[in-house]
Amino acid sequence: MKVHFNRHRVFLAIFALTLILPLGIMAYKLTALDYAIAGLMPAVSYRVELSMQVHGHGDDVSVSTYLPKSDNRQIITEEENSSGPFTFALQSGIENRQASWNADAVSGEHNIRYSFSVQADHLKFIIPPDLPIPSVSDASMAEYLREEQGIQLNDPIIEDTLNTILPDRNVPLLAALTAVHGFLQNKMESRNFSGYTDAVTALRLGEASCNGKSRAMVAMLRKLNVPARLVGGLILEQGSKRVGHQWAEAFINGHWVPFDALNNHFAELPSNYLTLYYGDQSLFKHTTNVNFKYFFKITKRLVPKREAQEAMGSSVLNIFNIYSVFERIGVSQNLVKIMLMIPIGALVTVVFRNVIGLETFGTFLPALIAAAARETGLIWGIIGFVLVIVVSALARKMLDWMHLLHSPKMAIMLTLVVVFMLPITVTGITAERFAIMETEQGIGKAAKITAATVVVIAACYTVMDSLFLQSMFLAFPELLLVVVALNMWLGKWIGIRLMEFIRFRKLIFRQGA
């Protein structure tokens, strides 16, 4: 009895410590180190991968594009280049950064990939209501006041349009900007067209995509002696896309102020707008004797804000900031996230097994398979899991027929798993368990547990893929001790499981009556 009492006290002490210690560390960061709550809230980050496919016919090939630069609004990090036989060169000017890939005597299909991470802020300007329209041209801004090929500010239609929407030029600049932007937004139809449209064509047709509306706005602003320029970039949205975006900027009161007449952003730029280049440029250039394709793959994620990471870096608690420590030794953020999320997936599996009552193949395998499925997506991860189970089970039957020893047989099965589904090799052990269960308890029991395992994998994936949880555990890795505490509490679970309640509900309700 005394031993039991002491064991219970030790359990309570450890349980309390695993709760109090992480909460105390968090409180210390928020109070003594004066970490602002807002600064510790997750920030949106995007991983952008540009894939270019080139099919040459034996001639020299050159491909170039613009890459984003870090500035006061957007921060570019984790840049990676993979270009095979192509040599990579980068030229960085005052405004633009242009990358080029070159190779001699290119034959066949080759892939070029460039990826980077970006964090950007939402930008909003307040234009003084009494600021006048410039009466004369600013000589220092001559580059942004001249006529260009697609910005024909001296064409009569530019003047005629301004006379229509702004008959009185003796108005403040804010009123003029509102009139021009409102006309392009409300009176000119928006069209999903990726081709080139100059300012005059857009006004004559009364319809345009982003580049036509932006050129028309730049032309009208320059006609009003307001320096203006085009900006090319990308709207960051989860998924793949083959189209960029263009908007305009006007130089007002010492600042370049953005305007997007297509998406109705007046003097503001959303945080998911990525600036790639300035000026009326073509995003891609390549030699004419090749087949060229490209697309952007964009992945949205949440990470601790840069301010919090910098503050944590100089903190006495730097050892607890796993993200900063791993980043300094070259371990990718994605790997750190997987490491931190696997215990969360294991906790989800424990809840399903001990509280809900679903039987799965192992405690950790659903979490490991869910982690592997992060690279393929949940659906393909589950399809791959089921495929490997079926193939391995059939292979085991054949190997049993050959009367092979267990270790060589297991090695052959793992080899088959690698051949059929390399990303999720951990299912080889599950396949072995499935085959044994199918032999000992029948196909029905094995199929039932497989279905339950798939459900738990989906639950683990959903929780582990939570951008909010990833961000919180990156900022507060001490929360892993709370996971330990929850597992200790579940380890003492003696209540009725949900599946048992469903199974015996009639008996339970009859006794209650």
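## A mostly covered helix

Which residues of α10 are buried? They are Leu 365, Pro 366, Ala 367, Ile 369, Ala 370, Ala 371 and Ala 372. That makes helix α10 (residues 365–372) mostly covered, with seven of its eight residues buried. Keep in mind as you read on that this is a predicted model.

Five strands form an open sheet in the order β12-β11-β10-β8-β14, and their pairing is antiparallel. At the edges sit β12 (265–266) and β14 (273–278), each of which pairs on one side only. Helix α6 (residues 210–223) packs on this sheet, where it touches β8, β10 and β11 (255–260). The direction of α6 makes about 15° with that of β10.

Within the sheet, β8 (residues 228–235) and β10 (residues 245–252) are joined in the antiparallel sense by six bridges. In one of the places to look, Gly 233 has His 245 in β10 as its bridge partner.

## Salt bridges across the chain

The count of salt bridges comes to 10. One of them joins the side chains of Arg 47 and Glu 80, at 3.7 Å from N to O. Arg 47 belongs to strand β1 and Glu 80 to strand β2, so this pair ties together parts that are 33 residues apart in sequence. Arg 47 is buried, its relative accessible area being 18%.

Helix α6 comes back here with two arginines. Glu 148 forms a salt bridge with Arg 222, and their closest N and O atoms are 3.0 Å apart. Glu 148 lies in the loop between β5 (123–124) and α3 (156–165), while Arg 222 is in helix α6, 74 residues apart. Glu 148 is partly exposed at 26% relative accessibility, whereas Arg 222 is buried at 4%. Asp 280 forms a salt bridge with Arg 215, with closest N and O atoms 2.8 Å apart. This pair links the loop between β14 and β15 (284–286) to helix α6, across 65 residues. Asp 280 is partly exposed at 23%, and Arg 215 is buried at 3%.

## A buried arginine without a salt bridge

Where is Arg 73 placed? Arg 73 is in the loop between β1 (42–67) and β2 (74–82). Arg 73 is buried yet has no salt bridge, and the nearest side chain of opposite charge, Asp 71, is 5.3 Å away. A polar atom of the Arg 73 side chain does lie 2.3 Å from the backbone oxygen of Tyr 273.

Notes:
Residues are numbered from 1 along each chain as its sequence is written. This is a predicted model: local features need pLDDT of at least 70, side-chain atom pairs count only at pLDDT 80 or more; totals for chains, interfaces and linings use all residues. Side-chain values use heavy atoms; hydrogens and water are left out. Helices (H or I, at least four residues) and strands (E, at least two) are DSSP runs, numbered from the N terminus. Buried means under 20% relative accessible area, exposed over 50%, partly exposed in between (1.4 Å probe, protein chains only). Lys and Arg count as positive and Asp and Glu as negative; His and the chain ends are not counted. A salt bridge is a side-chain nitrogen of Lys or Arg within 4 Å of a carboxyl oxygen of Asp or Glu. A polar contact is a pair of N or O atoms within 3.5 Å; within protein, one must be able to donate a hydrogen and the other to accept it, and residues adjacent in sequence count only if both atoms are side-chain atoms. Two strands pair if DSSP finds at least two bridges between them. Contact means heavy atoms within 4.5 Å. Axes are lines fitted to C-alpha atoms, for helices over the stretch in contact, and angles run from 0 to 180 degrees between N-to-C directions.
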